[in-house]
Every structure is written in C-alpha cells, then in structure tokens.
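Hello,

Here is the structure I promised to pass on to you. Please have it open while you read, and my notes on it follow below.

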Amino acid sequence: MSWGTELWDQFDNLEKHTQWGIDVLEKYIKFVKERTEIELSYAKQLRNLSKKYQPKKNSKEEEEYRYTSTRAFLATLNEMNDYAGQHEVISENMTSLITGELTRYVQELKQERKSHFHDGRKAQQHIETCWKQLEASKRRFERDCKEADRAQQYFEKMDADINVTKADVEKARQQAQLRHQMAEDSKAEYSSTLQKFNSEQHDHYYTHIPNIFQKIQEMEERRIVRIGESMKTFAEVDRQVIPIIGKCLDEITKAAESIDHKNDSQLVIEAFKSGFEPPGDIDFEDFTQPMKRTVSESSLSNSRGDGKSEPKFGGKSKGKLWPFIKKNKLSLKLGAGPEDFSNLPPEQRRKKLQQKVDELNKDIQKEMDQRDALTKMKDVYIKNPQMGDAASVDHRLAELGQNIEKLRLEVQKFEGWLAEVEGRLPLRTDQARRQSGLYEGQNTAAVNSCAQDRESSPDGSYTEEQSQETEMKVPATEFDDEFDDEEPLPTIGTCKALYTFEGQNEGTISVAEGEMLYVIEEDKGDGWTRIRRNEDEEGYVPTSYVEVYLDKNAKDVYKSLQKISE
C-alpha cells in the first residue's frame with residue numbers, strides 16, 4: 001500500500017491532507033500549552049490557599065497549634081503545598097517534553113513537507129514541458145505533411161498543363177520534393193520526441209512521483225506516530241507524580257489519625273487551670289442575735305481548714321466567689337499587668353513565669369555567644385594587629401557583660417517568684433490577700449478609685465461584686481489602723497538579703513543584696529516575709545529574696561503570743 005501507486009494522480013489532495021495534519025499537530029500543542037497554564041494556575045491557587053490558612057508568626061493563632069487537631073490541620077496545609085508543587089512539576093514536564101519538542105518538530109515537518117512538494121511540482125513541470133514539446137513536434141509534422149501534399153498536387157497539376165513551361169514544371173517538382181523531405185524530417189523528429197516523452201512519462205508516474213509520494217507518506221506517518229508518543233507522554237507525566245501525590249494524601253491521612261481528643265482535652269486543662277480549689281459552703285449569718293453584724297469568712301479558706309475560720313485582720317472579710325464573677329475590664333483596658341504575673345491564677349502564673357525564665361536564659365545564651373565571638377575576634381586582633389584594633393571591641397564586650405549581668409538578675413528574680421509559686425499553690429491566708437492588695441498598688445490612681453467598690457480576687461485581678469459593696473470599704477482602713485495601733489512585733493530572728501529588692505508597692509520594703517535585717521513575721525505560705533530595718537522601717541519582702549535565721553526561743557515566744565491573741 002503506497003501513496004505513489006494508489007494516489008499517483010492525487011497530488012493536490014495530498015498537499016491539502018498533509019497541511020491538515022500539521023494543523024492537527026499545532027492544535028494539540030495548543031491544547032497541551034493550555035493544560036500547563038491550568039496546572040500552574042491550580043498550583044498557584046493551592047499555594048495561596050495553604051498560605052492563607054497558615055498561622056501568623058507571633059500571633060495567638062500560633063499558640064492554638066499545640067492541639068493535635070490544629071497540628072493535623074497544619075500538616076494538611078503543608079502537604080497541600082507539596083501537592084501544589086507536583087502540579088507545577090506536571091506543567092514543567094509537559095512544557096519541556098511535549099510543547100517544546102512538538103514545536104520544534106512542527107518547524108522541521110513544515111520544511112520537509114515544503115521540500116517534498118517542491119520536488120513533486122518540479123517533476124510535474126518537467127513532464128508538462130515534455131508534453132508541450134511532443135505537441136509542438138506533432139503539429140509541425142502535421143503541418144509539413146499537409147504542405148508536402150499541396151506541393152505534390154501543385155506539381156502534378158503543372159506537369160499535366162501543356163501551357164506551362166518546362167522550367168515551371170521542374171520548379172514545382174523540386175518544391176514538392178523539398179516538402180516531402182521536410183515532412184520526412186518532421187516525422188522523424190516527432191517519432192523521436194514521442195519516444196522520449198513516453199520514456200519520461202513512464203519514469204514520472206512509475207519512479208519519480210512514487211518516490212516523492214512515498215517520502216510524503218513516510219513524513220505523514222512519522223507525524224502520526226509522533227503525536228501518539230506525545231499523548232503517551234501526556235499520560236506518563238501525570239502518572240509519574242501520582243506516587244508523590246499519593247504520599248501527600250497518605251501524610252494527610254496520617255495527620256488525621258494522629259489527632260488525640262484526650263490529649264487536646266488535657267491541653268485545655270493545662271491552658272486554663274487556675275490552681276485554686278472550688279469554694280466551700282458559706283456560713284449562716286444570724287441577724288437575730290444582738291451582736292455586731294459580721295460577714296462569714298471566705299468559703300475558700302474554710303474549705304482548706306478544719307471548719308474553723310482563720311484569724312482576720314480587722315475582723316471583717318467578704319465571702320469570695322471569685323471563680324464565678326466577671327473580671328473587671330478596667331485593668332485590661334489600661335494594659336497594666338504586674339511584672340510577676342500575680343494577676344493570674346497560680347497555675348497560669350507558674351507557666352508564665354517558667355516561660356519568662358526560659359526566654360531570659362535564651363537571651364543570656366545569645367549574649368554569651370556574642371561575647372565569645374568578640375573575645376575570639378579580640379584574640380585574633382591581638383595576634384595580628386594589622387587585621388584590626390583589639391581595643392575597638394572592648395566597649396562592646398563591656399556592654400555585653402553588663403547585659404548578661406542584668407539578664408542574670410532578672411532570671412534570679414523570676415526564679416524566686418517561680419519557686420514561690422511552685423511550693424505554695426494551694427495555700428491562701430490573710431496575708432496572701434494582703435499580697436494581692438500590694439500588687440494592686442501598681443495600677444494608676446484611676447484604677448484605685450474604681451477598686452474601692454471592688455475586692456481583689458485571689459488571682460490578683462479585680463472582680464465585680466454583686467452585693468455588700470458598702471461593707472468592703474471598711475476592711476482596708478481597719479487593716480491599716482490595726483498596724484498603726486498595735487505594739488511593735490518582737491524580732492524572731494535575722495535574715496540576709498540574697499538579692500536586691502525594690503519595694504515600690506505599699507507595704508513592702510526595699511533591701512540591698514547582702515544587707516542584714518530583723519525578721520518579725522515569718523512566711524505564712526504566701527511567699528512574703530515581714531522584716532524590720534529599724535524602729536521606723538519595716539515591711540514585706542519576697543521570701544525567696546532572703547535567707548532567714550530564726551531564733552528558736554524567740555520563735556516559741558512568738559507562737560505563744562499568737563495563740564494568746566487567738
């Protein structure tokens with residue numbers, strides 16, 4: 001089956017068909033190109049989608065990703081990013097292996113097709129030229145034969161006419177012979193031309209055209225094979241990324257299976273646990289007795305004791321239902337929070353303090369790394385003065401040393417608060433309530449004026465009270481008066497300040513590192529010790545900031561006085 005033998009007379013149709021084949025190939029190239037654009041667009045949209053839902057750095061969203069469900073969602077976002085990358089690979093491979101290759105092949109195909117049909121037209125022009133030569137030789141032979149017949153008839157007529165001279169007859173005879181000779185020559189030429197044309201025509205239709213059409217057929221078949229291979233490549237490019245896409249989907253499934261609802265529930269407890277115990281029963285208040293009206297002691301204190309209320313300064317205290325009372329938003333609006341996080345519940349305070357200690361230790365390590373690097377640089381400058389001045393880094397080294405010392409002091413301060421919280425979470429006394437009042441002194445005058453109708457909750461934050469607001473204005477003044485009127489407490493020992501403490505709050509006292517002072521009231525579990533410098537200066541300092549040396553006899557006397565006062 002050959003186009004050269006079967007389609008020897010279909011030159012024009014073959015030319016149209018091969019042009020159609022090239023058009024089909026270009027259409028397929030355009031299809032693949034649009035597919036690559038779709039893949040790129042899809043990948044871009046997937047990446048944007050993944051980026052849109054990624055947690056923002058240093059934001060509250062980042063903290064939410066400690067839960068297994070949100071971590072699984074984050075893993076899904078990351079896998080979707082990789083999934084998008086595979087679609088980009090599809091686009092790149094299709095562009096390089098199909099679009100680029102076929103575009104070059106189409107250019108080569110057009111050149112080859114042009115060459116083959118140029119040869120075909122040249123062969124057609126040659127056979128047409130041979131045909132024209134044959135036709136011209138034939139017409140010339142026909143004309144010469146007719147001229148010879150006319151010349152012969154004219155000679156015979158002249159020869160039969162007796163009135164014509166012998167010279168005219170001879171002339172007519174010679175003319176007839178000449179025409180006959182010309183006819184013979186034309187006949188011979190026509191015969192030769194005819195043989196030549198038949199030979200050329202045979203070669204044209206049985207050799208030249210079949211060869212040219214065979215090349216065109218092979219060219220067309222290569223085009224068909226090439227487009228088929230491109231379609232296979234089209235599928236193979238997709239098939240190559242299926243395992244990776246499958247891995248992405250497997251990772252998403254694995255992330256989903258890693259979700260632990262029990263663990264997430266435990267994290268909620270750790271995030272919001274206050275460390276306090278639920279309030280106990282409220283004592284019955286008998287208003288029928290002709291005695292001074294009192295308010296029952298805190299249910300929280302009763303729940304920790306043996307049913308007896310603890311001694312109270314001023315004899316009045318309000319029942320605290322702080323876990324169920326809405327927090328005052330004023331302090332939040334002002335943005336003023338104590339440095340030791342005493343406005344938080346104990347458990348949350350411990351976590352915040354630990355986090356602060358870790359951050360400070362990281363800062364110290366960073367500063368020490370910089371100091372070590374500068375020290376090495378200084379050593380290099382000392383050994384090789386041409387590289388730099390060693391004295392130029394002294395200022396920076398001194399500055400780093402000061403920074404490290406400041407950070408270490410900060411770490412000691414926060415570690416003291418942390419130790420205070422870790423050892424005394426469940427215990428709350430009257431002095432602990434006094435501590436809350438001390439930290440409230442850090443707020444602005446506006447907050448203090450608003451706080452007259454509010455009581456500091458055990459977690460240090462202000463709470464809205466629902467009743468007995470007028471009664472809460474009394475304890476603060478009675479509390480102060482009691483200290484003004486009572487006899488000075490005896491000393492029960494001495495203490496040494498381990499760190500410098502700036503007593504900026506009311507009721508506290510400033511101490512310098514290494515200073516020796518008198519102890520007049522030991523720590524009752526709230527993290528504060530009452531000390532005295534002289535007759536006029538006394539107050540509270542954090543227990544973790546001092547090393548206490550108690551006098552045993554004085555301590556026994558102090559306990560006896562306490563029992564008598566009770």
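This is a predicted model: local features need pLDDT of at least 70, side-chain atom pairs count only at pLDDT 80 or more; totals for chains, interfaces and linings use all residues.

Threonine 529 stands opposite valine 541 in β6.

Another facing pair is arginine 530 with tyrosine 540 in β6. The two strands make a hairpin, with 5 residues between them.

On the β4 side, 3 bridges join β4 to β5, again in an antiparallel arrangement. Here tyrosine 518 has arginine 532 in β5 as its bridge partner. β4 and β5 also form a hairpin, with 6 residues between them, and glycine 525 in the turn has a positive phi of about 105 degrees.

Both pairings belong to an open sheet of 5 strands, in the order β6-β5-β4-β3-β7, with antiparallel pairing. At the edges are β6 (538-542) and β7 (546-550), each of which pairs on one side only. From one strand to the next, the twist averages 40 degrees.

Is β5 enclosed or open to the outside? Because 5 of the 5 residues of β5 are buried, the strand is largely enclosed by the rest of the structure. Both of its faces are covered: Trp528, Arg530 and Arg532 are buried on one side, and Thr529 and Ile531 are buried on the other.

**Charged pairs around the sheet**

Which residues are linked in a network of salt bridges? The members are Glu521, Lys524, Arg530, Arg532 and Glu538. In general, side chains of opposite charge can pair when their charged atoms come close.

Two of the links are worth a look one by one. Arginine 530 forms a salt bridge with glutamate 538, with the closest N and O atoms 2.7 Å apart. Arginine 530 counts as buried because its relative accessibility is 6%, while glutamate 538, at 33%, counts as partly exposed. Lysine 524 forms a salt bridge with glutamate 521, and here the closest N and O atoms are 3.8 Å apart. Lysine 524 is partly exposed at 35% relative accessibility, whereas glutamate 521 is buried at 4%.

Searching the whole structure gives 23 salt bridges.

**A loop glycine**

Glycine 503 sits in the loop between β3 (493-497) and β4 (516-521). Leaving out residues up to four places away in sequence, glycine 503 touches Thr508, Ile509 and Ser510. Glycine 503 and proline 542 are 39 residues apart in sequence, and their C-alpha atoms are 9.8 Å apart in space.

**Two places in the helices**

Glutamate 220 is part of helix α5, which spans residues 166-257. Is this glutamate 220 buried or exposed? Glutamate 220 is buried, because its relative accessible area is 3% and buried means under 20%. Its contacts, not counting residues up to four places away in sequence, are Trp3, His17, Thr18 and Gly21.

Leucine 49 lies in helix α2 (residues 11-52). With a relative accessible area of 44%, leucine 49 is partly exposed. Together with Tyr53 and Phe73, Leu49 forms a nonpolar patch on the surface, and the three have about 280 Å² of accessible area together.

**The chain as a whole**

To put these places in context, the protein chain has 14 helices and 7 strands. Of its 566 residues, 34% are buried. Among contacts with a separation of 6 or more, 71% are between residues 24 or more positions apart. The accessible surface of the chain comes to about 35,200 Å², and 52% of that belongs to carbon and sulfur atoms.

Conventions:
Residues are numbered from 1 along each chain as its sequence is written. Side-chain values use heavy atoms; hydrogens and water are left out. Patches are made of residues with over 30% relative accessible area and no salt bridge: like charges are joined within 9 Å, nonpolar side chains (Val, Leu, Ile, Met, Phe, Trp, Tyr) within 5 Å. Accessible areas come from the Shrake-Rupley method with a 1.4 Å probe; for residues, only the protein chains shown count as cover. A salt bridge is a side-chain nitrogen of Lys or Arg within 4 Å of a carboxyl oxygen of Asp or Glu. Helices (H or I, at least four residues) and strands (E, at least two) are DSSP runs, numbered from the N terminus. Buried means under 20% relative accessible area, exposed over 50%, partly exposed in between (1.4 Å probe, protein chains only). Two strands pair if DSSP finds at least two bridges between them. Axes are lines fitted to C-alpha atoms, for helices over the stretch in contact, and angles run from 0 to 180 degrees between N-to-C directions. Contact means heavy atoms within 4.5 Å.
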